[in-house]
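I hope they are handy while you look through the coordinates.

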Amino acid sequence: MDTIEIPALNRPVDATVEIPGSKSITNRALLVAALAQGDSILENALFSEDSTYFAKCLENLEIAIVLNSDLAQIQVTGRGGEIPAKQADLFVGLSGTTARFISALVALGKGKYRLDGVPRMRERPMGDLLKVLQTGGATINFEGNPGFMPYTIDAQQFSGGHFCLKANQTSQQLSALLMITPYAQQDTTVEVEGTLVSQSYVKMTCRLMADFGVEVLQTEENQFQIKAGQRYQGNNYTIEPDASNASYFFAAAAVTGGRVRVNHLTKQSCQGDILWLNVLEQMGCQINCSNNYTEVIGPKQLQGIDIDMNDMSDLVQTLGAIAPFASSSVTIRNVEHIRYKETERIRAVVTELRRLGVKVEEFADGLKIEPSQITPAEIETYHDHRMAMAFAVTGLKVPGIIIKDPGCTAKTFPDYFTRFFQMLDLS
């Protein structure tokens with residue numbers, strides 16, 4: 001459907017929910033399993049547009065993969081570092097992780113691999129990773145702007161060595177490079193130039209590599225060393241629920257003064273977005289944790305906050321969507337890099353909040369949101385799944401909030417609205 005209206009609640013939510021597997025972990029595990037020696041079974045894997053594009057790319061590279069969406073299970077036949085296909089046409093949609101990880105993966109091969117995506121993907125930064133791949137032996141032919149899709153990688157097996165990489169717009173390029181380096185022809189040192197954004201995702205990458213048998217040595221804050229000759233081992237691996245996607249359900253508890261429990265997600269999660277619990281706690285929520293669930297209980301009134309969200313920047317929209325209900329201003333800082341995501345996210349949040357009558361100040365690396373009386377409106381989502389999911393939470397407090405293009409959530413959470421409405425228990 002083209003739009004969906006969110007039913008405002010006159011009561012607190014009270015629910016226990018199940019969240020599908022993490023997109024970030026699923027796509028990392030797919031890459032590592034494809035390189036591993038032996039077969040892997042990924043349990044609680046995410047089935048979404050992003051993971052489907054990734055799986056299709058692996059199939060086009062002649063890496064055997066079996067998808068079972070009913071069981072949320074993916075079987076991958078590892079090729080021990082070999083890229084079987086010598087030529088492939090690879091389409092990544094709007095999946096940044098697929099674009100960056102697959103570009104790095106094919107650099108290990110010997111052949112020609114063309115990569116392309118949807119128009120917005122052609123605007124997203126790839127150049128810093130591609131420069132390293134070129135230094136490592138690949139020839140890259142761009143069909144349009146250098147550093148952007150579409151392009152063809154003429155791979156001659158990745159050499160390894162000492163590389164400098166900028167990671168001020170996305171950490172995915174660093175993660176992509178780290179995951180392939182065990183299969184380089186020599187030891188690799190990656191030195192990050194300048195600011196490294198979203199460091200929690202790099203930690204996730206290193207933890208997953210370790211789970212499959214490869215060690216990354218972080219000698220300094222921005223320097224990583226990987227010994228060549230290490231090999232991933234096939235693994236039966238269970239993927240955590242997606243902490244980013246859980247944020248919307250926790251936010252529903254926060255704004256309604258209710259209770260939401262997410263099963264199988266704990267504070268020990270390897271995902272940086274579990275830090276959302278700290279944000280909600282600072283805003284007045286009560287957090288209850290066990291070794292098998294996390295629960296948020298919202299306060300009567302949320303409190304304002306001034307916060308650096310660089311390490312959980314996918315949650316800027318979630319915080320922006322609930323910020324008008326706080327007792328004082330909410331300031332979000334150090335997230336300039338989200339201007340290069342699925343959409344220009346700072347501008348998108350500012351625009352839609354102003355559409356709702358909210359007073360917002362935009363600055364280069366963030367925004368400040370004042371407590372405001374909300375005027376119902378239709379929310380533009382800009383083909384960005386997080387815009388749709390976040391502003392659905394706003395609609396729980398104000399009648400008449402309508403989300404346009406709700407189907408865009410298929411990117412990472414195809415049945416989001418089904419589960420969201422189940423949480424509301426409208427029967």
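Which residues are buried in helix H10 (residues 345–355)? Point 1 takes this up; please keep in mind throughout that this is a predicted model.

1. Helix H10. The buried residues here are Arg345, Ile346, Ala348, Val349, Val350, Glu352 and Leu353. They pack against two helices, H9 and H11, and against three strands: S20 (360–363), S21 (366–369) and S22 (378–379). Have a look at both ends of H10 as well. At its start, a side-chain oxygen of glutamate 344 comes to within 3.3 Å of the backbone nitrogen of isoleucine 346. After the helix comes glycine 357, with a positive phi near 85°.

2. An unreviewed UniProt entry carries the annotation "active site" for Asp314. In the model, aspartate 314 lies in the loop that runs between strand S18 (305–308) and helix H9 (316–322). Is aspartate 314 buried or exposed? Its relative accessible area is 9%, and the cut-off for buried is under 20%, so aspartate 314 counts as buried.

3. Around aspartate 314. Neighbours within four places in sequence aside, aspartate 314 contacts Tyr201, Ser244, Asp273, Lys341, Arg345 and Arg386. One of these, Arg345, is also among the buried residues of H10. With tyrosine 201 there is a polar contact, side chain to side chain, at 3.2 Å.

4. Helices H1 and H6. Tyr201 turns up again here, on the H6 side of a helix pair. Helix H1 (residues 23–35) packs on helix H6 (residues 199–211) at an angle of about 40°, and the axes are 10 Å apart. That angle makes H1 oblique to H6, and their crossing is right-handed. From H1 the contact involves Ser24, Ile25, Arg28, Ala29 and Val32; from H6 it involves Tyr201, Met204, Thr205 and Leu208.

5. Helices H11 and H12. How are H11 and H12 oriented to each other? Helix H11 (residues 385–394) and helix H12 (residues 416–424) pack at about 20°, with 11 Å between their axes. Angles under 35 degrees count as roughly parallel, so that is the term for H11 and H12. H11 passes H12 in a right-handed crossing. Ala388, Met389, Ala392 and Val393 from H11 meet Tyr416, Phe417 and Phe420 from H12.

6. Alanine 104. This residue sits in helix H3 (residues 96–106). With a relative accessible area of 0%, alanine 104 is buried. Beyond four places in sequence, alanine 104 has contacts with Leu133, Ala176 and Ile180.

7. Threonine 152. Strand S9 (residues 151–156) holds threonine 152. The relative accessible area of threonine 152 is 18%, so this residue is buried by the under 20% cut-off. Not counting residues up to four places away in sequence, threonine 152 touches Lys112, Tyr113, Arg114, Thr139, Ile140, Asn141 and Glu143.

Notes:
Residues numbered from 1 in each chain as written. Predicted model: local features only at pLDDT ≥ 70, side-chain atom pairs only at ≥ 80, totals over all residues. Heavy atoms only, no water. UniProt positions renumbered as here; feature names shortened; annotations may be inferred. Helix = DSSP H or I, 4+ residues; strand = E, 2+ residues; numbered from the N terminus. Buried < 20%, exposed > 50% of the residue type's maximum accessible area, 1.4 Å probe, protein only. Contact = heavy atoms within 4.5 Å. Polar contact = N/O pair within 3.5 Å; in protein donor to acceptor, adjacent residues only side chain to side chain. Axes fitted to C-alpha atoms, helices over the stretch in contact; angles between N-to-C directions. Parallel < 35°, antiparallel > 145°, perpendicular 65-115°, else oblique. Left-handed = near helix turned anticlockwise from the far one by under 90°.
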